[in-house]
Each structure stands twice: as structure tokens, then as C-alpha cells.
Amino acid sequence: SNFAQRATVVRPEEPLRAGDIIWFAGSADAIVDLRKVPGLESTQKEVLEGVKENKFDRRLVQAVVAKQGPLVGKTPAEMHFRTKYGAAVIAVHRNGTRIQDYPGNIKLNSGDVLLLEAGPTFIARNTDNQRSFALISEVKDSQPPRLNKLKWALLITVIMLVFATIGPMIPSMADLNISNLFVLGLIASIVMVCAGIISQ
């Protein structure tokens, strides 16, 4: 809700406005679904943009702060976490409860669970390194959706349907059987894979 008019619980019929900030309570797996909703963006957008990994290669990762590690007693900001580890801290959970504060300002304790946005470099570098993190777990299917390529997928689909409709009326296409919906679907799929719109 807007800062000027805070609401503890948002009713289902409550209309959202541009600039509203929605506080979400739920599991890391549920955040995956939120990331796929068009029009929503993290309040920590600037922090996330500083992660030097391709946006579409990033994942959500849960990392447990190791005992007597370099993170204990320090804030992510003091540790220059994003620069040192190549990941952004999205939230901090302690004893099963999220700490309601800006993640960069939270003094970390051993056993704290950090929800991170990180790329493959972080995961590869820290999976076997127990000095900073006692445990690292990637959240399944948490890569950002490629919404920017949706319009191209729709355009290719429309072109495919146009060819399927007018193809039988054009003798040269009818002879080559290009107007067949299955053939057109196969061609469209190959084009989308080559363009990186969908994966193989």
C-alpha cells in the first residue's frame, strides 16, 4: 500500500495503483511466482542491477550464515556483500521469521538464512566453501521470466496463423505443403529456439 495510507492486510478487491509497495509474506518458492507477474518489480531494484551477472542467468538462492564466519556480526553493507560475493541480499530470516528492515543494514548472526539473487558464478564459487556459508540451496525454477521476448513470440505465432489461413489460397505454398499447421508450428518453434525466445 502507499506509505501515506498503510494497510495491514490488503483485501482481494482492493485496487492497486502505480507506486504501491506490496509487502509479501511467504516461502522462497512462492516468491518465484511473484517474479513472473508482469508489472511487479523489487523495491531493491538498484541493488539487483549492481549484480554483475546476466539478469536471465540469475537465480534465487538461500544461504545459511556459517558459525564464526566473516559475515557474523557484520552487515551486508559493511562487507560490501554484492561486490565480494557477486550476489544481492533480498531478505534475511532469523529463527524462521523475516527481519523487517533494509537487508543491507542488518547485523548478521550465525544461522541467519539469506535470500539472495545470484548468478552461476556465486553458486559455483561458494557451494563447497563453508567459511562464509554453512549451506547453500538454489530455489527451483527461480530464473526471471523473459517477458521482453513475449512480444516476439506473439508476433511469430500471428505470422504462423496468417500463413496457415492464406497458405491454401496460394498455389506455390499449397504445393510445398508449407501451409500445414504442424509444419508451420515446427518452423515457428525452430525460429523461437534460434532467437533464444524459448529453450531447447
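This is a predicted model: local features need pLDDT of at least 70, side-chain atom pairs count only at pLDDT 80 or more; totals for chains, interfaces and linings use all residues.
Local features need pLDDT of at least 70 and side-chain atom pairs count only at pLDDT 80 or more, while totals for chains, interfaces and linings use all residues. Residues are numbered from 1 along each chain as its sequence is written, and side-chain values use heavy atoms, with hydrogens and water left out.

**View 1. A surface patch of positive charge holds Lys 74, Lys 84, Lys 107 and Arg 131.** Patches are made of residues with over 30% relative accessible area and no salt bridge, like charges being joined within 9 Å. A salt bridge is a side-chain nitrogen of Lys or Arg within 4 Å of a carboxyl oxygen of Asp or Glu. Lys 74 belongs to the loop between β1 (59-65) and α3 (81-85); helices (H or I, at least four residues) and strands (E, at least two) are DSSP runs. With a relative accessible area of 38%, Lys 74 is partly exposed; buried means under 20%, exposed over 50%, and partly exposed in between (1.4 Å probe, protein chains only).

**View 2. Thr 75 sits in the loop between β1 and α3.** Thr 75 counts as buried because its relative accessibility is 9%. Leaving aside residues up to four places away in sequence, Thr 75 touches Gly 104, Asn 105, Ile 106 and Lys 107. Contact means heavy atoms within 4.5 Å.

**View 3. Ser 137 is part of strand β5 (residues 133-138).** Its relative accessible area is 34%, so Ser 137 is partly exposed. Residues up to four places away in sequence not being counted, Ser 137 touches Leu 60, Val 61 and Gln 62. Ser 137 and Ile 123 are 14 residues apart in sequence, and their C-alpha atoms are 8.8 Å apart in space.

Note on methods: Patches are made of residues with over 30% relative accessible area and no salt bridge: like charges are joined within 9 Å, nonpolar side chains (Val, Leu, Ile, Met, Phe, Trp, Tyr) within 5 Å. Accessible areas come from the Shrake-Rupley method with a 1.4 Å probe; for residues, only the protein chains shown count as cover. Lys and Arg count as positive and Asp and Glu as negative; His and the chain ends are not counted. The place of a charge is taken as NZ of Lys, CZ of Arg, CG of Asp or CD of Glu.
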